[in-house]
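Please keep the sequence and the structure in view while reading.

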Amino acid sequence: MIRTTTPLALALMLAMPAYAQNAPAPVPAPAPTAAERNAIINAELPADQAALKSHVMFLASDVMKGREAGSPEFDIAAHYVASQFYAAGLKPAGGEGGYLQKVPLVSAKLDGPGTMTVTGKGGTPVALEFGKDFVSSANPETPSYAVTAPVVFVGYGIVGQGRDDYKGVDVKGRIVVYFGGAPESFPGEVAAHFSNPAAKAGIAAKRGAIATITLESPRTGKAPPFSLYVNAASRTRFTWSNPDGTGHIAAPGTPSAGVISLAGAEKLFAGARQKWADIAKAAAAPDAVFKAEALPVRITVAAKTALTPVKSYNVAGMLPGSDPALSREVVVLSAHLDHIGVGRPDKTGDTINNGALDDAVGIASLIEEAKRFKTAATKPRRSILFLAVTAEEKGLVGSDYFANNPTVPMSSIVADVNLDMPIITYKFQDIVVYGAGHSTLGPIVERAGKAIGVPLSDDPLPGENIFVRSDHYNFVRKGVPSVFLWPGAGGPGRAAIDDFMKNHYHQPSDEIGQLPAIDWESGVRFVDVNYRIAREIADGDQRPMWNKGDFFGLTYDGAGAK
């Protein structure tokens, strides 16, 4: 599952650490001995469980060095998945007649601190201090970036849910400044959507803004404090490359120019009709509403960004549908192939983040599901695209590239069912399906769960923004009804989820033999429920539709929402 590392996506980066700080700490089990590990790894299993395990044994082995996107080991993993797709009888659907879709990644890092000055009516520029008053953002779209423009304050920068934070102001050709996050009264998944900087940048771009700046919020208990933005400023971020070698950004032409602290905002609001002290006091409220205002200042921003091209791949295989008409429609089944690579040593000295559950199990499930479809007595009516994406851990980059450069017409894709980090260290009694309540996929996933004796249950990690933190969300942003499945927290699930998130998530111990014993029978059940979901979507007379009036369907012009 995604771990982001840049100011542009800091709200997502903080989601899991916030959970880790608030949840009770399960006591980790003692590390197994080498003999105990080998006994776990080599234990005999029924054929279907052994098949699932064999993929994870390879993909999450030490020789794969954590499958970091752009590494030679990731490329090996991609070719392994391509060979498994071939063995399952899938047709190449990547590009150039093969299974691999080239994904031109770009790493972007600030080249120096950048500068920011504020010029008011008096005409004397006031330089803001990097690290105290502001931090710059890397701009992969324009590596040598400089702009001077008037500034408009737009509150939270939100339009929707009964708000219009742009009411009464013209932001064309201007820089907009706003607070990150969303009001507490917003539904959780809607708040998560607006907490993603890409959503607010899109709103600003549609109104003609030429850049955005995020203001540090006084609500530092629930919003990222400025110190975290400072720490993140020097880190490398990833995106995919435009044809000219520059990096794609969520709102082309409207980059993030940086973050201004509470101290820097005092200088920014000098001479404004609304005093900064009053705005800061109001912003401390959970559902603050602000009056938009053109500030009597101009900002000059300059920053340099160092770009480095990185090659990687998505892997795509197609099972053609059997219906002459419906076969032109495509159901996507997705999982991410990458993990976070080699990092700091843990207490045992291990540095390799193997990513067995995150997300080798998801990829293994994808492969085994493809085999089920291929050997089924009847072929699915719609075509099914099996998609293993790169750079999920870099910020959902591989799936974003596919969504913007699909190997099939985007209009033909009717649904995405995503598999990311299923925690199968216990016999799950329920399933959580993120996105089920937004479209007609909801009843489908509920029927699939009942067929194997498990009901749908509520999100076990409310407030963690999981709906916007995995690859299905890039299909949502193209108007495609999508869901993301997890084994639920019923029975032993709560303790198992807590243990994984505290003791193994993005750590070297996410490895066969280090984790609590993986329940491969539950893994096969997880494949089964996913197969049933995909099968019903593929064979249904009607394509999935957004529920009428659904926020995400309306936001992204999805079929049925209107």
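Contact here means heavy atoms within 4.5 Å. The model is a predicted one.

**Helices α13 and α16**
- Helix α13 spans residues 441-451 and helix α16 spans residues 520-539; their axes lie 9 Å apart at an angle of about 135°.
- On the α13 side the contact uses Leu441, Ile444, Val445, Arg447, Ala448, Gly449 and Ala451, which meet Val529, Arg532, Ile533, Glu536 and Ile537 of α16.
- Sorted by class, the contact of α13 with α16 holds eight nonpolar, one polar and three charged residues.

**Helices α4 and α5**
- Helix α4 (residues 47-59) packs with helix α5 (residues 72-87) at an angle of about 160°, and the axes are 11 Å apart.
- This makes α4 roughly antiparallel to α5, as angles over 145 degrees count as roughly antiparallel.
- α4 and α5 have a right-handed crossing.
- Ser54, His55, Phe58 and Leu59 of α4 make the contact with Ile76, Ala77, Tyr80 and Gln84 of α5.

**Cavities**
- There are two cavities of 30 Å³ or more.
- The second largest cavity holds about 40 Å³ of space.
- Its lining consists of Gly180, Thr214, Leu215, Glu216, Ser217, Ala223, Pro224 and Tyr229.
- By class, the lining of the second largest cavity has four nonpolar, three polar and one charged residue.

Terms used
Residues are numbered from 1 along each chain as its sequence is written. This is a predicted model: local features need pLDDT of at least 70, side-chain atom pairs count only at pLDDT 80 or more; totals for chains, interfaces and linings use all residues. Side-chain values use heavy atoms; hydrogens and water are left out. On a 1 Å grid over the protein atoms alone, a cavity is a set of points where a 1.4 Å probe fits but cannot get out, and a pocket is an open set with protein on both sides within 12 Å along at least five of seven lines; lining residues have an atom within 4 Å of a point. Grid points are joined across faces, edges and corners, and a volume is the space filled by probe spheres set on the points. Ala, Val, Leu, Ile, Met, Phe, Trp, Tyr, Cys and Pro count as nonpolar, Asp, Glu, Lys and Arg as charged, and the others, Gly among them, as polar. Axes are lines fitted to C-alpha atoms, for helices over the stretch in contact, and angles run from 0 to 180 degrees between N-to-C directions. Helices (H or I, at least four residues) and strands (E, at least two) are DSSP runs, numbered from the N terminus. Angles under 35 degrees count as roughly parallel, over 145 as roughly antiparallel, 65 to 115 as roughly perpendicular and the rest as oblique. A crossing is left-handed if the near helix is turned anticlockwise from the far one by less than a right angle, and right-handed if clockwise.
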